[in-house]
Amino acid sequence: MPPTIQWVDGRIALVDQTALPDLHVVTVGTVEELIDAIRRLAVRGAPALGAAGALGVALAARTLAGYELAAAAAKLAEARPTAVNLAVGVRRALAAAGSGPEAVLAAAREMLAEDVAACHAIGRRGAALLGELLGPGPLRLHTHCNAGALACVDWGTALGVVRSLHEQGRVEYVVADETRPLLQGSRITAVELAELGVPHRVVVDGAGPSIIARGLVDAVVVGADRIAANGDVANKIGTYPLALAAARAGIPFVVAAPESTVDPGTPDGAAIEIEERAAEEVLVIGGTRFTPPDTAAWNPAFDVTSADLVTAIVTENRVWRPRG
Ligand code: MRU
């Protein structure tokens, strides 16, 4: 798999995640094209969005400066509202604008390198935590959406934990929710797990909680799009039912995310803006509409899991137990 996102000859090259499991790399050369790629989820996942934000400002800084650059950066930061990393990446690159376009690109590249290092640290720390909580035996893990290399610059957060455990021969299998409506679990997580040789099964989202209740899972490990100051976690819609099921079953519910996903400016989950996406994503499957023509849909892209349901949040720097 080529890198999720990289700077190539003055453009941003992305694995087009709408095409997976088919592999297409697309390049974007303007902020408008990048915003379109973000909105249609060609690039997605909180850390990858942070990288996109930073590289997008580097793109803009080649032709814009001052107020015009700030305006383009603001538009980019608003392309998707829930994952805080996008705005963090934009801000970080923009802070270097006073020193010229090369400095902006250097800041963006530094951020990408830091993300890779953070994911490796999260993987190691998360694997060690699960060893402490559950012992050394092979683990049956459950994940939702995609928090792998394709959601980051490389390696992954929740799947980074899986990878660290797999390297130690400590993964029996991974249950991957298919993740309706856009199937990040089937189309992206399953592709990554297959490539890594990790035994896995995809289940429909509705099956996840009962699979946990049946005792088929030892721990749930997911990523996050924004973590509030009190430890409430926004992640892909369908995460919350897994957290409830994990609490009921008495198994760990672990969130793996870089510090850049923790937003001290958001006091709690109620303050997190949940992206509402087009109804067609729910109503139309593979080009066919399965509902009566006048049926409407709600399509919230994320949900909030309250801190009391979270066993631990693992970042590159710490294991945070928000419920004490
Ligand atoms: O809508 P998406 O695909 O961008 O949602 C992604 C998720 O919810 C991921 O779980 C989250 O960003 C963590 S990625 C390491």
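Axes here are lines fitted to C-alpha atoms, for helices over the stretch in contact, and angles run from 0 to 180 degrees between N-to-C directions. The model is a predicted one, in which local features need pLDDT of at least 70 and side-chain atom pairs count only at pLDDT 80 or more, whereas totals for chains, interfaces and linings use all residues. Residues are numbered from 1 along each chain as its sequence is written, and side-chain values use heavy atoms, with hydrogens and water left out.

**View A. Packing of helix α1 with helix α3.** The axes of α1 (residues 31–39) and α3 (residues 66–77) come within 10 Å and cross at roughly 10 degrees, with helices (H or I, at least four residues) and strands (E, at least two) taken as DSSP runs numbered from the N terminus. That makes α1 roughly parallel to α3, a term for angles under 35 degrees. Val31, Glu32, Leu34, Ile35 and Ile38 of α1 meet Ala72, Lys75 and Leu76 of α3, where contact means heavy atoms within 4.5 Å.

View B. The chain is divided into domain 1 (5–114) and domain 2 (121–320), with bounds that come from an automatic or database domain assignment. Their centres, taken over C-alpha atoms, are separated by 24 Å, and the contact takes 23 residues from domain 1 and 27 residues from domain 2. Between them the domains bury about 2000 Å², 55% of it on carbon and sulfur atoms; buried area is the accessible area (1.4 Å probe) that two parts lose on being put together, summed over both. Arg44, Pro81 and Thr82 supply 30% of the area that domain 1 buries against domain 2, more than any other three residues.

**View C. Salt bridges.** The structure holds 10 salt bridges, each a side-chain nitrogen of Lys or Arg within 4 Å of a carboxyl oxygen of Asp or Glu. One of them pairs Arg40 with Asp16, the closest N and O atoms being 3.6 Å apart. Arg40 lies in the loop between α1 and α2 (46–60) and Asp16 in the loop between β2 (11–15) and β3 (25–28), so the pair ties together parts that are 24 residues apart in sequence. In the salt bridge of Glu275 with Arg80, the closest N and O atoms are 2.8 Å apart.

**View D. Backbone features in loops.** A cis peptide bond with omega of about 10 degrees joins Leu20 and Pro21, and Pro21 has its place in the loop between β2 and β3. Arg180 and Pro181 are also joined by a cis peptide bond, with omega of about 5 degrees.

How values were computed
Parallel < 35°, antiparallel > 145°, perpendicular 65-115°, else oblique.
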